[in-house]
Amino acid sequence: MSFIDDYIKELKEDCPRLKDYNITPDNYNSFLQMSQEDPLCGDLNPIKGYYHVAEKNSDGSYTFTLTACGKTKDMMQKQRIQKNLDTRFATDGYTKATFDDFRLDTESRRKALDYAKKFVLEYSKDNYMDGLYIHGKYGSGKTYLLSAIANELAIKGVKTTIVFFPDLCRELKRTMFKDDSEEIINDLKNVDVLVIDDFGAENLTAYIRDDVLGPILNYRWSMSKPFFIASNLSNQEIVEHLSHTKEDAYNNTVDNVKAIRIYERIKNSTIECEFKN
């Protein structure tokens, strides 16, 4: 056995990802380079941030293709999230959620994850799909799953906005009836996918119900633009919540008509899912 044959044997033993390749004296230099490259963090590779992958051609020859290393892929994903995910009314914590880390200890969580993955895979502007209305107690995973959906959509290139609803309400009350307020509302109407977190925890006013939430959800329903909602409120509790604004309490009145209209938009645009701790 020649020195090169010995070296090829050694190369395969030292680099398991090369063991299935037909390394010969003619091509071993290329495989040697591959064996020295790090596919996880390619900072020290000959081409920083990338490594070579071998593909066998029909004639038995090999084509070596540059592929992003794990670290580069992570960086590229973060860049796509930053480009496509609007988090003006959310925190950076929302951008770290992934499907892989979502806990699957109940049937409802498993079904919700299955649908979430299906939505990310199949949704497009030309293929409308209902969103999810996820409700349950604090810590049940509602926010995490919707955050993961937003991130996966952003990676896919879908323009997505995620809002922590109480923060959005505070900002809109501060800029009430100003151009800034109208711009925000129009953005939420028109973004490809809207994700609303902690709906029902806001200090509800007639302005938020009648001039913000109602018009946004009605427009998105009429234009087949999906939205997702996480809330502590069950579907049955939505009408009760929306029927009692601060003004209603002051005037000792209840406005069921406007509340039911919003409820119907949510019911007809989302799939209800309850998460239990």
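**Exercise 1. State the accessible surface of the chain and the share that belongs to carbon and sulfur atoms.**

Solution. The accessible surface comes to about 15100 Å², as given by the Shrake-Rupley method with a 1.4 Å probe. Of this surface, 49% belongs to carbon and sulfur atoms.

The structure is a predicted model, in which local features need pLDDT of at least 70, side-chain atom pairs count only at pLDDT 80 or more, and totals for chains, interfaces and linings use all residues. Residues are numbered from 1 along each chain as its sequence is written, and side-chain values use heavy atoms, with hydrogens and water left out.

**Exercise 2. Determine how the chain is built and whether it is spread out or compact.**

Solution. Begin with the elements: there are 11 helices and eight strands, taken as DSSP runs (helices H or I, at least four residues; strands E, at least two) and numbered from the N terminus. Next, take the radius of gyration over C-alpha atoms. Its value is 26 Å, well over the 19 Å from the globule rule for 277 residues, so the chain is more spread out than a compact globule. The rule itself is 2.2 Å times the number of residues to the power 0.38. Finally, the C-alpha trace spans about 95 × 40 × 30 Å along its principal axes.

**Exercise 3. Describe the cover and the pairing of strand β5.**

Solution. Of the five residues in β5 (residues 160-164), four are buried, meaning under 20% relative accessible area (1.4 Å probe, protein chains only). Strands pair if DSSP finds at least two bridges between them. With β3 (residues 85-86), β5 pairs in the parallel sense over two bridges, and D86 stands opposite T161. With β6 (residues 193-199), β5 also pairs in the parallel sense, over five bridges; here I162 stands opposite V195.

Technical notes: Buried < 20%, exposed > 50% of the residue type's maximum accessible area, 1.4 Å probe, protein only.
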